[in-house]
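Here is a short tour of how two chains meet in this structure. Have the model open alongside as you read.

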Amino acid sequence: MNTADSGYTLAELARLLDAELRGDPDLLVTGLSTLKGAGGGQLSFLGNHRYVQQLKTCRASAVIIDARHAGDAPCACLVVDDPYLTYARASQLFARGPDTATADAPGIHPTAVVSGQGEFADDVEIGPNCVIGPDVRLEQGVRVGAGCTIGADCHLGAGTRLYPAVTLYHDVRIGQRGIVHSGAVIGADGFGFAFDGRKSIKIAQLGGVRIGDDVEVGAGTTIDRGALEDTVIGDGVKIDNQVQIAHNCRVGDGSVICGCSALAGSTELGQYCVIGGGVGIIGHLKITDRVTVSAMSFVSRSITEPGVYSSGTLLQETREWKKNSLRLQHLDSLSKRVKELEYRLAQLAGDDSDPQ
Amino acid sequence: MNTADSGYTLAELARLLDAELRGDPDLLVTGLSTLKGAGGGQLSFLGNHRYVQQLKTCRASAVIIDARHAGDAPCACLVVDDPYLTYARASQLFARGPDTATADAPGIHPTAVVSGQGEFADDVEIGPNCVIGPDVRLEQGVRVGAGCTIGADCHLGAGTRLYPAVTLYHDVRIGQRGIVHSGAVIGADGFGFAFDGRKSIKIAQLGGVRIGDDVEVGAGTTIDRGALEDTVIGDGVKIDNQVQIAHNCRVGDGSVICGCSALAGSTELGQYCVIGGGVGIIGHLKITDRVTVSAMSFVSRSITEPGVYSSGTLLQETREWKKNSLRLQHLDSLSKRVKELEYRLAQLAGDDSDPQ
Amino acid sequence: MNTADSGYTLAELARLLDAELRGDPDLLVTGLSTLKGAGGGQLSFLGNHRYVQQLKTCRASAVIIDARHAGDAPCACLVVDDPYLTYARASQLFARGPDTATADAPGIHPTAVVSGQGEFADDVEIGPNCVIGPDVRLEQGVRVGAGCTIGADCHLGAGTRLYPAVTLYHDVRIGQRGIVHSGAVIGADGFGFAFDGRKSIKIAQLGGVRIGDDVEVGAGTTIDRGALEDTVIGDGVKIDNQVQIAHNCRVGDGSVICGCSALAGSTELGQYCVIGGGVGIIGHLKITDRVTVSAMSFVSRSITEPGVYSSGTLLQETREWKKNSLRLQHLDSLSKRVKELEYRLAQLAGDDSDPQ
């Protein structure tokens with residue numbers, strides 16, 4: 001049986017990737033690369049027809065390609081309908097195993113501090129220096145990287161993996177096949193206070209966090225626990241690095257949130273939304289399904305119609321930008337002046353029709 | 001004696017929350033919930049009169065409510081002046097104890113690596129795998145979660161709690177009753193360099209960080225040490241997740257900074273300011289007391305008057321946004337054209353008065 | 001031999017800093033401070049002539065100053081061409097040693113979990129609770145703070161320091177004299193998925209991260225590994241806190257990236273660029289050398305000319321801001337109305353020339 005270390009024959013890859021093979025079935029492929037970077041023994045892909053010119057000089061042993069372009073390839077082909085999607089599947093075949101930092105010893109590392117009151121599947125791996133609180137349930141195939149802390153009453157579904165240095169507070173549930181990257185903090189207190197006229201009085205955050213299946217959470221991302229009810233992340237949601245999700249948000253199935261975006265408290269994001277990087281969404285909004293928000297936009301109102309939305313301004317040389325920005329501070333008055341001009345011009349022209 | 005686990009009678013709650021009880025004093029309350037979500041045995045609250053309709057179908061055993069609406073409640077009432085504030089106080093009664101992740105053993109966990117030269121109150125709790133440098137002083141009731149690192153010469157006031165995976169560099173002082181959430185880093189080097197024409201030469205950051213009493217610091221937040229003098233956070237300041245506070249900033253008492261905001265170096269924020277989420281404030285500014293800045297704003301000048309401030313643009317469908325954004329790049333010229341129009345129109349009309 | 005603890009004589013400082021001494025060579029300096037804050041025994045500096053008035057009341061024992069202002073100093077002088085740069089060098093003389101949190105024991109702390117298959121220089125320091133994967137190479141003088149995790153096949157050049165709680169995934173290379181602050185995560189998976197119509201299929205991230213010499217990485221910063229090729233950070237790059245650098249970015253030598261900025265995937269930043277705080281740069285762009293982007297700008301296009309660039313809007317009182325922002329949503333139509341006015345006015349005036 002072949003592994004990523006020894007590689008795969010093209011015949012094996014065709015079978016694993018459900019592709020039509022054009023070329024030598026016994027050719028051995030030991031890695032994956034770009035069209036430009038690939039050398040002998042490597043597999044590449046044409047994911048975007050803009051790169052079709054690169055095929056000519058491509059030195060890969062084989063390419064993943066669609067039928068329309070297969071004739072242009074100077075090497076063996078794995079012909080599929082959606083080469084980019086097949087590349088995604090192929091990449092998983094060449095990924096490193098789980099033993100990247102910690103798995104000198106399988107099972108529960110002797111340095112881990114694990115509460116006796118837990119329920120762990122027999123193949124669970126817990127890395128060095130982890131701390132696992134009471135009443136934690138870890139299902140089949142769960143792997144917890146070095147130095148993670150898991151609070152009381154957490155529950156990780158089958159196949160879920162925490163990379164090193166993830167912190168889960170208590171009452172966090174993650175579904176199956178989840179991936180949480182290092183530095184992520186899930187279940188910290190939502191930011192809730194009542195002001196008594198002198199001081200901000202803390203509102204204890206009594207809810208938890210509930211995350212669906214097939215969710216990925218990026219490095220340094222924070223997902224706060226709910227105030228009274230849970231913060232909820234749906235199935236198949238993908239969250240990039242340094243995203244902030246405040247208490248009681250609900251993120252619908254299949255949505256994607258790019259790096260450094262933030263959802264303020266109690267906002268509901270629909271299904272299959274795509275939130276670009278650096279987006280800020282204020283609290284208590286409702287964003288319907290299939291909304292795309294472009295990078296660095298500020299969402300200050302609910303969105304009821306699917307579509308693509310933006311805010312912000314375009315980059316200019318600072319000298320030009322400054323002039324326009326100063327003018328923007330008087331745009332309301334400029335608009336009124338234009339209206340007045342229209343009125344006066346109409347009068348002057350003896351125009352009966354109402355201007356504008 | 002009742003605990004959160006066994007609940008509180010309404011009579012106890014009325015006494016603890018300083019409320020007027022209308023209903024059965026012996027009724028047992030075991031949890032807190034929203035008006036919509038509450039069931040039998042639970043306490044809820046009417047914090048906003050917009051939700052008064054929800055009272056009708058509310059199944060809570062009791063509600064925290066003001067006198068004006070108490071008549072509308074279908075259940076027992078804890079009548080107070082400010083129900084939201086009382087809810088905050090009540091929430092603390094129902095919060096979980098400190099043993100959420102680590103406190104299998106009270107005191108100093110045997111896996112913690114603690115320098116001999118420290119001064120710890122007798123009831124201090126230090127979680128597994130903590131590392132405590134020399135000359136650290138921890139006062140009464142300090143709790144340090146699993147995997148925290150505390151540098152030399154740090155000082156935590158009575159009742160302060162670090163959640164797991166907090167990092168304090170050396171010379172960080174935190175007052176009493178502080179809360180620091182996981183992933184926060186306090187005291188890392190400020191970002192200071194002098195450019196020698198070829199290279200950025202590091203300016204060693206010799207100051208520390210000084211944080212007042214009753215301060216909360218969110219998950220993943222970073223507060224840098226000062227270059228020569230300390231970075232200073234006042235009493236009662238509440239800082240949300242993923243906030244960045246650069247070297248030598250000073251944040252006044254009672255101010256609130258929402259998630260993902262950033263203060264660049266040496267900026268002074270006044271007292272009782274509210275900085276919305278995702279706000280950026282450039283360095284060396286002075287923001288007076290009681291300034292509110294709305295979410296995602298960019299503060300590029302000092303603010304001398306209390307008030308509410310904003311920048312940024314509103315969300316539109318991208319198609320519309322793009323048209324307007326392109327026009328914005330010529331707003332200065334548009335303004336000049338309007339002025340020219342006004343001038344020509346005045347001439348044409350034989351107007352003596354100077355236009356606009 | 002003098003250390004920072006016992007201080008330096010002015011003669012020693014003059015020699016170490018390559019300065020001309022005016023004053024008592026035996027005068028002992030024990031610390032560094034601002035012009036305003038300095039007291040006896042302290043060294044200060046005039047880094048900006050705006051502060052020249054502060055010299056009069058300065059109580060420092062000596063100042064770093066240029067020749068033009070040395071006559072105004074009421075104390076001994078270290079005369080140099082660039083006082084700010086010399087202050088940077090002086091600050092390093094007064095910095096604390098490395099033993100701030102963890103170095104109770106030099107060498108490899110007994111609580112560290114270190115794979116047998118590594119190659120470590122003899123003076124390497126590894127703090128408590130570190131976890132070091134297989135085939136890691138640590139060169140002369142490398143110091144790894146408490147609780148760091150280093151994945152397989154990482155390589156840290158001579159003199160590089162990781163502060164506590166840094167996480168490196170596998171295949172991360174950092175050059176010489178690097179500094180990585182706490183909470184940074186280097187080498188986490190880039191955010192890559194192919195959508196199959198129902199689900200986001202993960203693209204395994206097979207590249208690594210390659211970081212040059214003299215690079216500083218701020219607290220909580222994340223630098224993702226490449227999809228197929230490496231993410232590359234050049235020599236002398238300085239990266240502040242909470243910066244996000246996505247997969248396959250390339251940052252040129254000498255560039256500086258301020259706090260909370262983000263580069264989306266595959267973007268190339270040139271040499272000696274300065275990216276202000278909170279800037280967002282979308283993916284697949286190419287920014288040429290010596291570009292400065294002001295804070296909170298959004299870069300949505302490649303930049304081919306060196307210069308200073310901005311986007312965003314200026315802060316106003318929210319009441320004014322709202323009026324202008326609403327108008328901005330109709331700027332395209334306003335522009336058209338102005339054009340129409342110009343046309344009609346020209347007609348009315350019997351003007352032959354085409355307006356604008």
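Two strands count as paired if DSSP finds at least two bridges between them. In this predicted model, strand E39 of chain A (316–317) runs antiparallel to strand E38 of chain C (residues 307–310), and 2 bridges join them.

How much area do chain A and chain C bury between them? The answer is about 6200 Å², with 62% of it on carbon and sulfur atoms. Leu315(A), Gln329(A) and Leu345(A) supply 12% of the area that chain A buries against chain C, more than any other three residues.

The counts between the two chains are set out here.

| Item | Value |
|---|---|
| Residues from chain A in the contact | 74 residues |
| Residues from chain C in the contact | 76 residues |
| Salt bridges between chain A and chain C | 5 salt bridges |
| Polar contacts between chain A and chain C (both residues at pLDDT 80 or more) | 27 residue pairs |

Which elements of chain A face chain C? Those that each supply at least two residues to the touching side include helix H3 (83–93), strand E27 (238–239), strand E30 (256–257) and helix H4 (318–328). Helix H5 (331–348) is also among them, and H5(A) gives the most, with 12 residues. By class, the side of chain A that touches chain C has 37 nonpolar, 23 polar and 14 charged residues.

Conventions:
Residues are numbered from 1 along each chain as its sequence is written. Chains are lettered from A and ligands numbered from 1 in the order in which they are written. This is a predicted model: local features need pLDDT of at least 70, side-chain atom pairs count only at pLDDT 80 or more; totals for chains, interfaces and linings use all residues. Side-chain values use heavy atoms; hydrogens and water are left out. Contact means heavy atoms within 4.5 Å. Buried area is the accessible area (1.4 Å probe) that two parts lose on being put together, summed over both. A salt bridge is a side-chain nitrogen of Lys or Arg within 4 Å of a carboxyl oxygen of Asp or Glu. A polar contact is a pair of N or O atoms within 3.5 Å; within protein, one must be able to donate a hydrogen and the other to accept it, and residues adjacent in sequence count only if both atoms are side-chain atoms. Helices (H or I, at least four residues) and strands (E, at least two) are DSSP runs, numbered from the N terminus. Ala, Val, Leu, Ile, Met, Phe, Trp, Tyr, Cys and Pro count as nonpolar, Asp, Glu, Lys and Arg as charged, and the others, Gly among them, as polar.
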